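Student: Could you take one part of this model and give me a close look at its side-chain contacts? I would like a connected account, with the cut-offs spelled out as you go.

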Amino acid sequence: MTPHVFQNHWQSHWQNHWAQALLDPAGAPPPGVARQAGTAPDRRFAVYRNNVMVSLTGALAARFPAVKRIVGDEFFDSAARAFASKNPPRSPLMMTYGEEFPDFIARLDAASAVPYLADVARLEAARTRAYHADDAAPLTAADLAGVSQETLFDLRFVLHPSLELVASRFPVVTIWAMNAGDLELAEITDWSGETALIVRPALDVEVRRPPPGAAAFLASLAAGDRLGDAAAAALAQSADFDLAVNLAALFSGGLAIDAAAAKDDPQ
Amino acid sequence: MTTKTEITAATLAGALATALTLVSASAEMGGEKADKEKCYGVSLKGQNDCAAGAGTSCAGSSKVDYDGSIWKYVPKGTCTTIKTPNGVGSLKAVKS
């Protein structure tokens with residue numbers, strides 16, 4: 001074993017100890033932490049450990065404000081600490097921290113009284129991703145003016161890179177909007193499921209609630225289906241689906257960035 | 001395939017033509033969004049659209065009012081007219 005390899009081995013061993021100690025409030029400080037004078041090393045290390053936890057839970061609170069509002073500060077803080085101690089960040093970019101938080105909430109027994117909470121978290125996570133997604137110029141209606149009638153059925157759209165759909169068996173958009181300050185808090189009487197459409201065509205992230213047919217249409221287009229098949233899927237979901245209105249929304253909402261006719265299935 | 005009989009090329013072409021009319025109508029009615037610009041130094045704490053700097057995790061996370069390193073989207077052309085206790089907004093980050 002060369003000295004270089006030995007050092008790397010020692011270093012990663014030491015780093016693992018350090019990383020584990022950081023996230024375990026009951027654990028001892030990592031080996032090698034000593035003091036020259038003043039406060040005992042375990043108390044000093046506890047300050048450092050607390051800073052790490054506070055910054056991670058703070059990042060979650062910044063990304064999931066509606067979830068926090070629904071469950072309250074105390075519940076959110078304990079859920080965020082439980083999550084952070086098991087899911088250390090893998091990137092220094094704190095805006096991406098908490099990708100697994102919605103799934104964590106879904107498995108959380110304590111949150112079973114609010115079964116819609118995980119979907120609200122999914123919506124909020126998608127909003128941050130949309131915010132940081134690539135910019136792209138939306139497709140305009142004029143771009144399609146030259147497409148021939150024969151190729152229309154086979155047209156495949158490329159949707160905006162920020163676009164995501166969050167389907168829920170709960171009224172997730174209504175619940176989110178009420179807890180994000182977009183809607184007055186009120187009793188929800190219609191508990192039918194909603195699909196959230198999250199997109200950032202320009203500078204602002206938008207959250208919309210497409211009706212079932214429109215949601216199926218977008219999901220089909222997002223999956224790379226042909227326009228004709230997507231329209232059929234939407235009609236199968238809802239007989240009220242209006243293709244003209246939804247195509248217009250696709251352009252005016254900046255939801256698509258490109259379109260090309262291709263007979264073959266992608267892949 | 002049965003769907004092909006329901007959705008014909010003529011149906012699609014008709015829908016697309018109607019859609020083009022709808023889009024141009026909404027554009028004429030002023031449906032286009034005004035452009036926005038990033039404006040530094042005007043955001044109240046917690047109200048920023050994005051934060052550049054140590055100790056913050058971006059949107060909504062700034063800790064200080066009117067922090068010069070932090071920006072908020074404002075309608076284009078209005079940034080340098082926004083008055084704060086530290087002067088007007090800036091299109092570039094301000095060192096405090």
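Tutor: Happy to! Helices (H or I, at least four residues) and strands (E, at least two) are DSSP runs, numbered from the N terminus. Since you have a predicted model here, local features need pLDDT of at least 70 and side-chain atom pairs count only at pLDDT 80 or more, while totals for chains, interfaces and linings use all residues. Residues are numbered from 1 along each chain as its sequence is written, chains are lettered from A and ligands numbered from 1 in the order in which they are written, and side-chain values use heavy atoms, with hydrogens and water left out.

A:Asp77 and A:Arg81 form one, with N to O at 3.2 Å. The two residues sit 4 apart in helix 4 of chain A, so about one helical turn separates them. For accessibility, buried means under 20% relative accessible area, exposed over 50% and partly exposed in between (1.4 Å probe, protein chains only). A:Asp77 is partly exposed because its relative accessibility is 33%, and A:Arg81, at 32%, is partly exposed too.

A pair of aromatic rings is described by the distance of the centres and the angle of the planes. Rings of Phe, Tyr and Trp (its six-membered ring) pair if their centres lie within 6.5 Å; planes under 30 degrees apart count as stacked, over 60 as edge-to-face and the rest as tilted. This rule gives 13 aromatic pairs over all chains. In one of them, the ring centres of A:Phe83 and A:Phe104 are 5.4 Å apart and the planes meet at 70 degrees, so the pair is edge-to-face. It links distant parts of the chain: A:Phe83 belongs to helix 4 (residues 73-86) of chain A and A:Phe104 to helix 5 (residues 101-107) of chain A, 21 residues apart. A:Phe83 counts as buried because its relative accessible area is 0%; A:Phe104, at 14%, is buried as well. Both rings belong to a cluster linked by ring pairs, together with A:Phe64, A:Phe76, A:Tyr97 and A:Phe101.

Elsewhere, A:Arg63, A:Glu99, A:Arg129 and A:Glu164 are joined in a salt-bridge network.

Note on methods
A salt bridge is a side-chain nitrogen of Lys or Arg within 4 Å of a carboxyl oxygen of Asp or Glu.
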